[in-house]
Amino acid sequence: MSLEYARQVADAVLYEGYLLYPYRASSGKNQSRWQFGVLGPPGALETGRGEDPAMATQFLLRATGVSDPGVTVRLRFLQLQQRRAQSASPAGDFRDVAELAVNGARWLSWDEAVAQEITVGPWSLAELRAERVEPVGAPDGADVELVRDENGGPAGRLVRSRCEVRGELRVCAEPVEGAPDLVRLSIRVDNVTSDAAEDNQSAIAASFIGAHLLVSVAGGEFVSMTDPPDDAAPAVHACTQHRCWPVLAGPSGERSLMLASPIILYDHPEIAAQSAGALFDSTEIDEILTLRVMTLTDEEKAAARATDPRAAEIIDRCDAMSPDAMQQLHGILRDPHALDSALIEPFEKSFEQSFDSELPWWDPGVDASVNPQTDAVLINGVSVTAGNTVRIHPSRRADAQDLFFADQVARVAAVHSDVDGETHVAVVLVDDPAADLHDWYGRYLYFAPDELEPMPAIPPSSPPTDHREESRP
């Protein structure tokens, strides 16, 4: 059950960007597809016809129930499938056409994809001390679907063809120095399809598309690479990643599954309960896309249906969506129970009052009791408010820009609470020459309370003097 739970998220990764709004073949966006996790054939990257042929990941596992855990690796990807529409002639032969229309149904010549999943293992850790190399890929093939007219005669056909894709999957395990209970698992996938990068089309046809890994362990548990325990942190930082990032998969608390994805996710990712179905549109927002699909004309919807069965499913689902289902896409209110109740009580009170107010909930006039310049947040047992001094310790979830401010001292300018009950501390760097200017016009850096360490206060500086001359008549 945990594996099937993880597959739901893995399928979202697999098809992320498979269709790009507005889903018609005439759309420029839809003519440049295959977005994340593409392993191109050798030589494609160097010639500009495709992408890097490899992905590689390293992560840690810890033995628990047995002395030698078993590891199973699943490589999942899309194999491109070219669909050619052909019409039947009176002579009984077929010729390629851009579009086939029969009995009100339409099919375009279009590139589809077939999902592939290859399982290797299980192997014991002892077997993986020596690197294992396994062939992976999918064979070429062709299928023909006959399309009949209203009298049952052949009106045309759809010819679907696939090129062979070949690869190698390498797996090895090695003990972590200084941590006898930890093992570093290294996995690499290479596309080794030869003579397949003559042009862009042949390169993508020989690519592993949306490639990612689902790795399971029996008798052991994986270590979070995003939020590792203290004893594993040095070994986690020593791991390297190439074009993917490993996270714990499955339900919360599950540690026997790891998902190595070309999209950076958090541990235990899950499909939003509000999402009625996949949209395959490169991390777009469901509500926005659904509303835009609803604005398509009947002709545009027919053109979208003609491209791909998954596009037709999206159109049909959006057409049938009820007002309640649409409202669910708008989001939900979450209980801010994780915050200190004494500090968020004014915010909760104001939020409740906002429903009885004629003002919208985001209007500052809803509750004057919320004041970012005087509100406080509890950090390590210390009440922190505007004017206090803190040292910045960005967490592993921080973006690259925030990491530049690690260990710097900053002055708190305000403490904000959002509608989800989260707290955001606005700061300016003490050693920033432009700190006064940032404070003056309210351009702050924002950090979560757990990223800050209270420090002795530093008196705030005065706002800069405005030296502009007064205008004279």
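Predicted model: local features only at pLDDT ≥ 70, side-chain atom pairs only at ≥ 80, totals over all residues.
Colleague: Where does Asn-103 lie?

Modeller: Asn-103 is found in the loop between strand S4 (99–102) and strand S5 (105–108). Its backbone also deserves attention: phi of Asn-103 is near 50°, a positive value in a residue other than glycine.

Colleague: Which other residue has a positive phi although it is not a glycine?

Modeller: Arg-243 is such a case, with phi of about 65°. Arg-243 belongs to the loop between helix H3 (233–238) and strand S14 (245–248). Its relative accessible area is 29%, and Arg-243 is therefore partly exposed.

Colleague: What is the accessibility class of Arg-162?

Modeller: The cut-off for a buried residue is a relative accessible area under 20%. Arg-162, at 17%, is therefore buried. This arginine sits in strand S9 (residues 154–162).

Colleague: Which residues are in contact with Arg-162, leaving aside its neighbours within four places in sequence?

Modeller: Its partners include Gln-79, Leu-80 and Gln-81, together with Val-114. Asp-140, Gly-141, Ala-142 and Asp-143 are also in contact with Arg-162. For Asp-143, one may compare sequence with space: Arg-162 and Asp-143 are 19 residues apart along the chain, and their C-alpha atoms are separated by 9.1 Å.

Colleague: How may Arg-255 be read in this way, and where does Arg-255 lie?

Modeller: Arg-255 is located in the loop between S14 and strand S15 (257–261). With 36% relative accessibility, Arg-255 counts as partly exposed. Leaving aside neighbours within four places in sequence, Arg-255 has contacts with Val-217, Gly-220, Glu-221, Phe-222, Ser-224 and Leu-248. Along the chain, Arg-255 and Phe-222 are 33 residues apart, while 5.3 Å separates their C-alpha atoms.

Colleague: What share of the contacts in the chain with a separation of 6 or more comes from residues 24 or more positions apart?

Modeller: Such residues account for 68% of those contacts. For the chain as a whole, 43% of the 473 residues count as buried. The accessible surface comes to about 24600 Å², of which 51% belongs to carbon and sulfur atoms.

Colleague: How many helices and strands does the chain have?

Modeller: The chain has ten helices and 22 strands.

Colleague: At what angle do helices H4 and H6 pack?

Modeller: An angle of 65 to 115 degrees counts as roughly perpendicular. Helix H4 (residues 286–294) and helix H6 (residues 309–319) pack at an angle of about 90°, with their axes 9 Å apart. The two helices are therefore roughly perpendicular to each other.

Colleague: Which residues of H4 and H6 meet?

Modeller: From H4 come Thr-290, Val-293 and Met-294, which meet Ile-314, Ile-315 and Cys-318 in H6. Sorted by class, this contact has five nonpolar residues, one polar residue and no charged residues.

Colleague: How many aromatic pairs does a search of the whole structure find?

Modeller: The search finds four aromatic pairs. In the pair of Tyr-444 and Tyr-446, the ring centres are 6.5 Å apart and the planes stand at 80°, so the pair is edge-to-face. Tyr-446 has 43% relative accessibility and therefore counts as partly exposed.

Colleague: Which residues does a cis peptide bond join?

Modeller: The omega angle identifies the bond: a cis peptide bond joins Gly-121 and Pro-122, with omega about 5°. Pro-122 lies in strand S6 (residues 110–124).

Conventions. Residues numbered from 1 in each chain as written. Heavy atoms only, no water. Axes fitted to C-alpha atoms, helices over the stretch in contact; angles between N-to-C directions. Helix = DSSP H or I, 4+ residues; strand = E, 2+ residues; numbered from the N terminus. Parallel < 35°, antiparallel > 145°, perpendicular 65-115°, else oblique. Contact = heavy atoms within 4.5 Å. Nonpolar A, V, L, I, M, F, W, Y, C, P; charged D, E, K, R; others polar. Buried < 20%, exposed > 50% of the residue type's maximum accessible area, 1.4 Å probe, protein only. Areas by Shrake-Rupley, 256 points an atom, 1.4 Å probe, with all protein chains shown as cover. Phe/Tyr/Trp six-rings, centres within 6.5 Å; stacked < 30°, edge-to-face > 60°.
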